Amino acid sequence: MMAGTIEVYDNPSIEHLPDRVKLNRNYDVQRLKNDVTTITSSLRQQSYIYYMPVMLAKDVRDPVNHNWLAEHMLEGCPYLQSILSEFKAPIVSVRLMRLEPGAELKEHTDPTLDAVHKEVIRLTLPIFSFKEALFLLNGTRVDMQPGELWYLKLSEKHSVHNNSTVERINMSIDLEWNSWVEELLISGFDTLT
């Protein structure tokens, strides 16, 4: 392969994935909120302006066998620990993506967060989200509900608008590509077709 070229995965199912896929995973919203409240209430910096990502974990090679109790930010968060231990792919990072009331993330792209490149993909798990908090992908709303797990093709244009009067918090989980990730995406894609 020539330098600077992008490798395109030759699996037709992945190649033709839509820009949004609701995956076959649903989580208990109240338990998610309880754990996230534990995290946010323990932060030294309680207030922020505009946008605040909170790193929960990074560079976890084997999530199934990882000692999640050793992750300082996940102390007292057994439900999040159990969710993350289900992933059978190396985790690059797990973050809470906090957006204050009335704030917006302008339209942008994240060129490498795309299943076609089979490098790193981002999964999104809404936790504190409301109908007034809009996630737009390619100019159309993605109707993500708290507790649902989503793949979004973030190499495409997207923006976030928190038109609510409360903070919006999603969890982002960046995973290295492997066959388990591929199967997770394809199984979610199959439910949409």
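Helix H2 (residues 29-42) of this predicted model comprises 14 residues and reaches 20 Å from its first C-alpha to its last, close to the 20 Å expected at 1.5 Å a residue, where the expected span is 1.5 Å times one less than the number of residues. Helices (H or I, at least four residues) and strands (E, at least two) are taken as DSSP runs and numbered from the N terminus. Within H2, Leu32, Asp35, Val36, Ile39 and Thr40 are buried, the term denoting under 20% relative accessible area, with exposed meaning over 50% and partly exposed in between (1.4 Å probe, protein chains only). The face turned away from the buried side of H2 carries the exposed residues Ser41 and Ser42. The cover over the buried residues of H2 includes S2, H3, S3, S5 and S10. H2 lies across S2, S3, strand S5 (120-128) and S10, and runs at about 95° to S5; axes are lines fitted to C-alpha atoms, for helices over the stretch in contact, and angles run from 0 to 180 degrees between N-to-C directions.

Residues are numbered from 1 along each chain as its sequence is written, and side-chain values use heavy atoms, with hydrogens and water left out. As the model is predicted, local features need pLDDT of at least 70 and side-chain atom pairs count only at pLDDT 80 or more, whereas totals for chains, interfaces and linings use all residues.

The protein chain contains four helices and ten strands, arranged along the sequence in the pattern α-β-α-β-α-β-β-β-β-β-β-β-β-α. Of its 193 residues, 49% are buried. Among contacts (heavy atoms within 4.5 Å) between residues at least 6 apart in sequence, 79% join residues at least 24 apart. The chain averages a pLDDT (the predictor's confidence in each residue, from 0 to 100) of 88, and 89% of the residues score at least 70. Among the elements, the lowest mean pLDDT, 66, belongs to helix H1 (residues 12-15), and the highest, 98, to helix H3 (residues 78-84). Over residues 1-10 the pLDDT stays under 50, and the model has 15 contacts beyond four places in sequence for this stretch.

Strands of a sheet pair through backbone hydrogen bonds, either parallel or antiparallel. Here, two strands are considered to pair if DSSP finds at least two bridges between them. An open sheet of six strands, with antiparallel pairing, has the order S1-S8-S5-S10-S3-S2. Its edge strands are strand S1 (20-26) and strand S2 (51-60), each of which pairs on one side only, and the twist averages 25° from one strand to the next. Within this sheet, strand S3 (residues 91-99) and strand S10 (residues 168-176) run antiparallel and are joined by eight bridges, with leucine 96 standing opposite methionine 171 in S10.

An open sheet of four strands, likewise described by antiparallel pairing, has the order S4-S9-S6-S7. Strand S4 (104-108) and strand S7 (140-141) each have a single partner strand, so one side of each is left without a neighbour in the sheet. S4 pairs with S9 in the antiparallel sense over three bridges, and glutamate 104 stands opposite histidine 161 in S9.

Glutamine 81, placed in helix H3, is buried, with a relative accessible area of 11%. Residues up to four places away in sequence not counted, glutamine 81 touches Trp68, Leu69, Leu74 and Glu75, and its C-alpha atom is separated by 5.9 Å from that of tryptophan 68, 13 residues apart along the chain. Lysine 153, found in the loop between strand S8 (148-152) and strand S9 (158-162), is buried at a relative accessible area of 18%. Neighbours within four places in sequence aside, lysine 153 is in contact with Asp19, Leu113, Asp114 and Leu137.

Most residues other than glycine have a negative phi. Aspartate 59, which lies in strand S2, has a positive phi near 55° and is exposed, with a relative accessible area of 57%. Asparagine 138, in the loop between strand S6 (133-137) and S7, also has a positive phi, of about 55°, and counts as partly exposed at 36% relative accessibility.
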